[in-house]
Amino acid sequence: MKWSYIGAIIIGIYFLFPLYVLFLLAFNQPDYTLLARYPTLIPVSITINNLAVSLQGTAFIDPLIKSLETATLVGIITLILGIPAGYGLSRLPRGLAYPILVLLLVTNMMPAIVIGIPIAVEFIKLHLFETVEGLALAQTLITLPLATFILQGTFSSIPGDLENQARIDGAGLIRRLFSILLPIAAPGIAAAFLISWMFSWDEFTYAILLIPFHSTLPVTIYSDVTRGNLLAGVAFSLVFTLPVIVLTLALQKYLRGEYLAGGIKG
């Protein structure tokens, strides 16, 4: 048990340390961080002037709104397609459903830039280039297989007798789906939405390929950092993490192993 706590502390430090450095860059005087030969790792001379100066005259509202719109649309499209796919796969024999799931996940093994370039060419023809809808459709290619994997496991965990009893009582598929299956599968659906939303929120490759001129917040942060505007990049990064923290805290009860086990549960 002791080693479990030690392991949890080490993993926690590993993941939280970059956020701590971001905090120092944002709220310490630049003389102690960016301009220092040996940057400090403790808060010194805390100030909000860095954020105020960085955010003045910079256009981060539009990229922020575009990221929110894209991530939400990706989550909605993923659920619209993933729920029937997950339900259908859960009712197939295991020997047939698992190869299909593996085949879906194979698409995630390909580099995004390999898929993104031909998609960009087609989207130009379809007038979806440089649009939130086009970017959301492209990112759904990545989120849909994982969401289907989660939802297949969620629907598989619902006893078949429950649905059979409703069928005997005269309930059709739509009635069974909305009155019985979806309410029971709500935790798995919430987990699939959250993971899809978080993936889209910090996705970079499709964003820079498909919406390069008025892009999302990750591309804006990258542009500021590469142009040497590090304080603006830090400010944007802080803004960038807030929605993720809020959404994660709101849905944290669904981020449990039983809801994320997906297709490995049968």
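Author: A helix here is a DSSP run of H or I with at least four residues, a strand is a run of E with at least two, and both are numbered from the N terminus. The model is predicted: local features need pLDDT of at least 70, side-chain atom pairs need 80 or more, and totals for chains, interfaces and linings use all residues. Residues are numbered from 1 along each chain as its sequence is written, and side-chain values use heavy atoms, without hydrogens or water.

Start with the stretch at residues 6–26. This span is 100% helix and 0% strand. Its end C-alpha atoms lie 30 Å apart. An unreviewed UniProt entry lists residues 6–26 as a "transmembrane region". UniProt positions follow the numbering used here, feature names are shortened, and annotations may be inferred rather than shown by experiment.

Take residues 204–223 next. That span is 65% helix and 0% strand. Its end C-alpha atoms are 12 Å apart.

Now look at the rings. The structure holds five aromatic pairs. Rings of Phe, Tyr and Trp (its six-membered ring) pair if their centres lie within 6.5 Å; planes under 30 degrees apart are stacked, over 60 edge-to-face, and the rest tilted. Phe23 and Phe27 make one of these pairs, and it is tilted. Their centres are 5.0 Å apart, with 45 degrees between the planes. Why is there about one helical turn between them? Both sit in helix α1 (residues 2–27), and they are four residues apart, so about one helical turn separates them.

Phe27 has a relative accessible area of 18%, so it counts as buried. The cut-offs are simple: under 20% is buried, over 50% is exposed, and in between is partly exposed (1.4 Å probe, protein chains only).

Compare a pair from elsewhere in the chain. Tyr87 and Phe155 pair edge-to-face. Tyr87 lies in helix α3 (residues 61–90) and Phe155 in helix α6 (residues 132–156), so the pair ties together parts 68 residues apart in sequence. Tyr87 and Phe155 are both buried.

Ser237 lies in helix α12 (residues 230–250). With 18% relative accessible area, Ser237 is buried. Set aside its neighbours within four places in sequence, and Ser237 contacts Leu22 and Ile221 (contact means heavy atoms within 4.5 Å). Ser237 and Ile221 are 16 residues apart in sequence. In space, their C-alpha atoms are 7.0 Å apart.

Last, step back to the whole chain. There are 13 helices and zero strands. The C-alpha atoms fill a box of roughly 75 × 60 × 30 Å along the principal axes. Of its 266 residues, 40% are buried. Among contacts with a separation of 6 or more, 73% join residues 24 or more positions apart. The unreviewed UniProt entry also lists a "domain: ABC transmembrane type-1" at residues 64–251. That span is 81% helix and 0% strand. Its end C-alpha atoms lie 21 Å apart.
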